[in-house]
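Here's a quick briefing to keep beside the viewer. Have a look at the model first, then work through the notes by topic.

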Amino acid sequence: MQPGTTFKVDEKLSRVLGDLQRHYGAASKAAVLRKAVALLSLVREAEQADGSIVVKAPGSRVTRIVVRSRKP
């Protein structure tokens, strides 16, 4: 087993993580971070050449989100 990693987060991020933890019923803030990393991995797979993704919820408009401003 690899050693854990410790992160220092500011009050605002801690509050957002807590809100997401409650909303999704996650066991911990660390679980929220794991879900966020998994989601960002999926976003990377869907990313367009210009560094954007398109999000559309049923019955709503299409939203283009730039997730990366330029290629590495």
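Predicted model: local features only at pLDDT ≥ 70, side-chain atom pairs only at ≥ 80, totals over all residues.

Residues are numbered from 1 along each chain as its sequence is written, and side-chain values use heavy atoms, with hydrogens and water left out.

**Overall layout**

- The protein chain has two helices and two strands, in the order α-α-β-β from the N terminus (these are DSSP runs numbered from the N terminus, H or I of at least four residues for helices and E of at least two for strands).
- Its radius of gyration is 15 Å, whereas a compact globule of 72 residues would come out near 11 Å (taken over C-alpha atoms; the globule rule is 2.2 Å times the number of residues to the power 0.38).
- Along the principal axes, the C-alpha atoms fill a box of roughly 35 × 35 × 25 Å.
- Among contacts with a separation of 6 or more, 2% come from residues 24 or more positions apart (contact means heavy atoms within 4.5 Å).
- The chain exposes about 6500 Å², and carbon and sulfur atoms supply 58% of that (areas use the Shrake-Rupley method with a 1.4 Å probe; for residues, only the protein chains shown count as cover).

**The nonpolar patch**

- V9 belongs to a nonpolar surface patch of about 650 Å², together with F7, L13, V16, L20, Y24 and L33.
- To join a patch, a residue needs over 30% relative accessible area and no salt bridge; nonpolar side chains (Val, Leu, Ile, Met, Phe, Trp, Tyr) are joined within 5 Å, like charges within 9 Å.
- Helix 1 (residues 11–24) gives the most to this patch, with four residues, while V9 sits in the segment before helix 1.

**Salt bridges**

- The whole structure holds four salt bridges (a side-chain nitrogen of Lys or Arg within 4 Å of a carboxyl oxygen of Asp or Glu).
- E11 and R15 pair up at 3.4 Å, N to O. The two are four residues apart in helix 1, so about one helical turn separates them. E11 is exposed at 64% relative accessibility, and R15 is partly exposed at 46%.
- D19 and R22 form another, with their closest N and O atoms 2.6 Å apart. They are three residues apart in helix 1, so again about one helical turn lies between them.
- R64 meets D50 at 2.6 Å, N to O. This pair links distant parts of the chain, 14 residues apart: R64 is in strand 2, and D50 is in the loop between helix 2 (29–46) and strand 1. D50 is partly exposed, at 41% relative accessibility.

**The hairpin**

- Strand 1 (residues 52–56) and strand 2 (residues 62–66) run antiparallel and are joined by five bridges (strands pair if DSSP finds at least two bridges between them).
- On strand 2, I65 is the bridge partner of I53, and T63 is that of V55.
- Five residues lie between the strands of this hairpin, where G59 takes a positive phi near 75°.

Notes: Buried < 20%, exposed > 50% of the residue type's maximum accessible area, 1.4 Å probe, protein only.
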